[in-house]
Amino acid sequence: MQKINIKTACLAFATFAISSTAILLIPFQMEAYAEKQISSKTEICLSCHRKATPGIVKDWQKSQHSKLTVEKALEKKELSKQVSIDKSYKGTTTAVIGCAECHMLNTGQHKDSFKHNGFTINIVVSPHDCAQCHSIENSEYQKNIMSKAYHNLNSNPVFESLMDSVNAHQSFDGRKVSYEDKIDPVIEEDSCNHCHGTIVKVVGMEDRMTSMGKMSFPVLEGWPNQGVGRINPNGSEGSCTSCHPRHSFAIEIARKPATCSQCHKGPDVPAYKVYSVSKHGNIYNSMKKKWDFGAVPWTVGRDFTSPTCAVCHMSLITDNDGKAINQRSHQMNDRLPWRIFGVIYAHAHPKSPDTTIIKNKAGLPLPTELTGEPVNEYLIDKKEQAERWDNMSKICSACHGQSWIDGYHERFLKVLEATNDMTLTSTQIMIKAWEEGAVKGLEQEDSIFNEAMEKMWVQNWLFYANSTRFASAMSGADYGVFANGRWYQSLNIQKLSDYLDFKLEIK
């Protein structure tokens, strides 16, 4: 019998094991590489931008866009898919989504397109471009009031007048304050239009010195901006990066309340502040480190244990059996029966995202009369309101019993009624002031937002009524009492009444 050398045998086995492992790993490595196949155009972009803008490249490398080809994304189970490609798709399915796939996609439609290192690219990527892979999300977003945010503010003479009273430079001549007629557009871009969006225009070209030498770039007016209703150089409306920041476009960021707080924190839209002091916000802040914000679909009780803004208004939510509780939606108001902020009175949601088409009896582009009656022909009916509430209550039912949900809904409706009544009281005082000539109004072809009484009236509905409604809607009731709600609404009404007496006495 031949003697076996133990040392030689061990070395032989080790060599076989290593070589076998290498052979076994080859197909896995090839598959992984294929899944991360980068197009030649994108690779050229990366070769320079790894040095020129390393932060952008690192963000992209962490994104789903850099890891999955369209082909692989389409193979996912229905509830796990994050793409909704339609017949107009014209890109390759075997490459990941990189620089070229977004910035060279529709250059013929973009006024901001220019020649760059042998390629034609455009700077601003719009929702119309994202629709290449996310067509359903884009079409839903276009039904959303957010997509018309620039238009609804800047093409509505009432809201435009309110904006002017905020942004116009004021001067004092020794006796009275006056407002300048011409407002610097840069101030508006840094104010209301920061969130509502700007019109991004190409106003010329300029040469700049870069790390790669002198290059020519378009000069953009209204840029930078990521407002939700931005008018892009290809004519489309909206900005996906409002919620999905470039270049990671992470769903994890869009799902966190801090993202919504970019535009929903001030006294006119205090959603984030109210959420922070609510029971839901308390659970979120205590437990968020244990939550999975990247899971698709998002399973209640496993991936998260309390609603965020996205849970209630947008996200695809499933139960522990994998059954959908509510479908994903980028029409943020399709679970909302009521519009509770930005307007004088709470009212049923408008039918159209373009609210400038609304005209009340007085001819004003407002969804209610100044005395509160809704302009029903432009608003959703009670049947659709009920359907939307049913949609929202499905989310609530994942954690709450029906008696809790019904009690909450009944209370919220009562709060809408009460805040509308208080708004009416303040408006009646203002109508008296306008009629008696204590302040100038529409009859004198003047703004209804530029005198002290008028500003107090605006505070009453834009700040205090809104805060009270949000506090009820989001179960953060304390914020709607003394913080910025009922106390100040009642105090302001008394101030308005006293101020009117004072003005009439002087007159």
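## A buried aspartate and its partner

D303 is buried, at a relative accessible area of 5%, where buried means under 20% relative accessible area, exposed over 50% and partly exposed in between (1.4 Å probe, protein chains only). The side chain of D303 meets that of R302 in a salt bridge, N to O at 3.5 Å; the term stands for a side-chain nitrogen of Lys or Arg within 4 Å of a carboxyl oxygen of Asp or Glu. R302, in contrast, counts as exposed, with 56% relative accessibility.

## About the model

This is a predicted model, in which local features need pLDDT of at least 70 and side-chain atom pairs count only at pLDDT 80 or more, while totals for chains, interfaces and linings use all residues. Residues are numbered from 1 along each chain as its sequence is written, and side-chain values use heavy atoms, with hydrogens and water left out.

## Other salt bridges

The structure holds 7 salt bridges. One of them joins K148 to E237, with the closest N and O atoms 3.0 Å apart. This pair links distant parts of the chain, 89 residues apart: K148 lies in the loop between α7 (135-142) and α8 (149-154), and E237 in the loop between β6 (213-221) and α12 (251-254). Helices (H or I, at least four residues) and strands (E, at least two) are DSSP runs, numbered from the N terminus. E237 counts as buried, at 17% relative accessibility.

Another salt bridge pairs E436 with K432, their closest N and O atoms being 3.3 Å apart. E436 is partly exposed at 33%, and K432 is partly exposed at 37%.

## Enclosed spaces

How many cavities of 30 Å³ or more does a search of the whole structure find? There are 2. On a 1 Å grid over the protein atoms alone, a cavity is a set of points where a 1.4 Å probe fits but cannot get out, and lining residues have an atom within 4 Å of a point. Grid points are joined across faces, edges and corners, and a volume is the space filled by probe spheres set on the points.

The largest cavity has a volume of about 40 Å³. Its lining includes V158, F159, L162, F449 and W461, and helix α9 (residues 157-167) gives the most to this lining, with 3 residues. The second largest cavity, of about 30 Å³, is lined by V343, I344, L366, P367, T368 and E369.

How values were computed. 1 Å grid on protein atoms, 1.4 Å probe; cavity = no way out; pocket = protein on both sides within 12 Å on 5 of 7 lines; lining within 4 Å.
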